[in-house]
Amino acid sequence: EMATGIPSRPNEGLNNFHPEHPGTPDGWPIASQTDRDGNGVKDYRIGIVGDYVWGDLYSDNPDVNFMRHRYGHADYYQGDIESFETINSWLDGEVPASNSRPEKVYEEPPNIIIAHLSGLDSVGHRYGVKDSPEYEEKLRWLDENFAVIFEKVPDSWTVVVTSDHGLTDNGQH
């Protein structure tokens, strides 16, 4: 809800793995169409990496470059590794071919990036968070990779970090 501005109906949070976009306006489709100075060039290029949920929400919008980098609940590392590779490429000015929309060629990197990294959530559910070396290792890995990313983020950008939920000591919501 924070990322899309689309409120969930009661109990939808329990069934959110393949949501349908309700068709109401939200920030990312609006931003992807914005041309404030009327020069014919859209102001914002949206790039999303990570979870299939985002692809389900924006699969019908070719102006949103969605890169799917998650392979199920046992994917503790590979999806996050690929996500950071894509984000680094975008921030370096490169535009890798879209893995979710191979027919679409994006000519410029995004200037708005949404990264849905699921590895920490998966590790926390699997191993718990209290006294968990696996959880601590994943946190350290994320910190190191975010440090690289944050060095590349332009000064004019705003970075917002959120999560979908907290965890109890034993890894429950």
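Predicted model: local features only at pLDDT ≥ 70, side-chain atom pairs only at ≥ 80, totals over all residues.
Contact here means heavy atoms within 4.5 Å.

I start with a pair of helices. Helix α4 covers residues 119-127 and helix α5 covers residues 133-152. Their axes come within 9 Å and cross at roughly 170°. Angles over 145 degrees count as roughly antiparallel, so α4 is roughly antiparallel to α5. Which residues in α4 and α5 meet? On the α4 side they are Gly-119, Leu-120, Val-123, Gly-124 and Tyr-127. On the α5 side they are Glu-134, Tyr-135, Lys-138, Leu-139 and Leu-142. Sorted by class, that contact has 6 nonpolar, 2 polar and 2 charged residues.

Next, a single residue. Asn-65 sits in strand β2, which spans residues 64-68. Is Asn-65 buried or exposed? Its relative accessible area is 2%, and the cut-off for buried is under 20%, so Asn-65 is buried. Leaving aside residues up to four places away in sequence, Asn-65 touches Ile-46, Gly-47, Ile-48, Trp-90, Ser-98, Arg-101 and Tyr-106.

Tyr-106 comes up again in the last item, the second largest pocket. The volume of this pocket is about 370 Å³. How many residues line the second largest pocket? There are 16, and those nearest its centre are Lys-42, Arg-45, Asp-63, Tyr-106 and Glu-107. By class, the lining divides into 7 nonpolar, 3 polar and 6 charged residues.

To recap: α4 runs roughly antiparallel to α5, Asn-65 is buried, and Tyr-106 both touches Asn-65 and lines the second largest pocket.

Technical notes:
Residues numbered from 1 in each chain as written. Heavy atoms only, no water. Helix = DSSP H or I, 4+ residues; strand = E, 2+ residues; numbered from the N terminus. Buried < 20%, exposed > 50% of the residue type's maximum accessible area, 1.4 Å probe, protein only. Axes fitted to C-alpha atoms, helices over the stretch in contact; angles between N-to-C directions. Parallel < 35°, antiparallel > 145°, perpendicular 65-115°, else oblique. Nonpolar A, V, L, I, M, F, W, Y, C, P; charged D, E, K, R; others polar. 1 Å grid on protein atoms, 1.4 Å probe; cavity = no way out; pocket = protein on both sides within 12 Å on 5 of 7 lines; lining within 4 Å. Points joined across faces, edges and corners; volume = space filled by probe spheres on them.
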